[in-house]
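Biologist: I am new to this structure and would like to learn how to read its features one at a time. Could we begin with the open spaces and then turn to the parts around them?

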Amino acid sequence: MGGNLQRFTHIDDSIVEKGIDIYCAHFEQVWSGIYEPGVYDKDTLWEDVHDPRKIAKVIDAWKHGTALSPMFLVKHSSLAMALVADGKHRLTVARYMGSESIPFMVSSDSSNWLQTAIPSAKRI
């Protein structure tokens with residue numbers, strides 16, 4: 001697993017060993033599997049719902065090829081859908097940039113909902 005993790009900063013093998021799985025899926029399926037994705041739409045990039053410094057930081061990192069840790073998704077309390085627990089700015093920039101696929105993390109002990117929410121998700 002270590003080789004896959006080298007593409008992401010802020011992720012140590014010990015984090016994965018403690019119960020975090022990393023997945024990748026087609027962006028549009030992730031988008032469809034997120035509860036109320038409009039908050040992260042490309043038209044909101046510079047709106048008040050986002051911290052412009054964080055948006056700029058993501059854009060700068062991607063421009064310079066600096067890897068960022070994937071967003072962290074959790075299950076919605078009553079629906080088989082994802083909530084973005086961390087990575088809202090990364091998701092918004094990915095939407096703006098027209099990304100074809102996107103990596104994300106979920107807790108290993110609560111990933112049974114994932115195949116319903118994001119069928120194309122593949123563990124990496």
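Predicted model: local features only at pLDDT ≥ 70, side-chain atom pairs only at ≥ 80, totals over all residues.

Biologist: Which helices each supply at least two residues of the lining of the second largest pocket?

Modeller: Helix H4 and helix H5, the latter covering residues 88-97, each supply at least two residues of that lining. H4 itself takes in residues 52-63.

Biologist: How should I read the cover of a helix, and how many residues of H5 are buried?

Modeller: A residue is called buried when its relative accessible area is under 20%. H5 is mostly covered, since seven of its ten residues are buried, namely His89, Arg90, Leu91, Thr92, Val93, Ala94 and Arg95. The cover over these buried residues of H5 includes H3, H4, E3, strand E2 (71-75) and strand E4 (101-107). Just after H5 comes Gly98, which takes a positive phi of about 75 degrees.

Biologist: Arg95 carries a charged side chain, so which side chain does it meet in a salt bridge at 3.1 Å?

Modeller: The general idea is to look for a side-chain nitrogen of Lys or Arg within 4 Å of a carboxyl oxygen of Asp or Glu. In this case the side chain of Arg95 meets that of Glu28 at 3.1 Å, N to O. The pair links distant parts of the chain, with Arg95 in helix H5 and Glu28 in helix H3 (residues 27-33), 67 residues apart. Arg95 counts as buried because its relative accessibility is 19%, whereas Glu28, at 39%, counts as partly exposed.

Biologist: Where does Asp41 lie, and which parts does its pairing with Arg95 tie together?

Modeller: Asp41 and Arg95 meet in a salt bridge of 3.0 Å, N to O. Asp41 lies in the loop between H3 and H4 while Arg95 is in helix H5, so this pair ties together parts that are 54 residues apart in sequence.

Biologist: How many salt bridges does the count come to?

Modeller: The count comes to five salt bridges. One of them joins the side chains of Asp21 and Arg123, at 2.9 Å, N to O. Asp21 lies in strand E1 (residues 20-26) and Arg123 in strand E5 (residues 122-123), so the pair ties together parts that are 102 residues apart in sequence. Asp21 is buried, with a relative accessible area of 7%, whereas Arg123, at 51%, counts as exposed.

Biologist: Which residues form a nonpolar patch on the surface?

Modeller: For such a patch, one looks for nonpolar side chains that are joined within 5 Å. Here Trp62, Tyr96 and Met97 form one, with about 340 Å² of accessible area together. Trp62 lies in helix H4 and counts as partly exposed because its relative accessibility is 35%.

Biologist: Finally, what is Ala85 in contact with, leaving aside its neighbours within four places in sequence?

Modeller: Contact is a matter of heavy atoms within 4.5 Å, and by that reading Ala85 touches Phe72 and Val74. Ala85 lies in strand E3 (residues 82-86), and at 43% relative accessibility it counts as partly exposed. Ala85 and Met71 are 14 residues apart in sequence, yet their C-alpha atoms are 7.6 Å apart in space.

How values were computed. Residues numbered from 1 in each chain as written. Heavy atoms only, no water. Helix = DSSP H or I, 4+ residues; strand = E, 2+ residues; numbered from the N terminus. Buried < 20%, exposed > 50% of the residue type's maximum accessible area, 1.4 Å probe, protein only. Patch = residues over 30% accessible without salt bridge, like charges linked within 9 Å, V, L, I, M, F, W, Y side chains within 5 Å. Areas by Shrake-Rupley, 256 points an atom, 1.4 Å probe, with all protein chains shown as cover.
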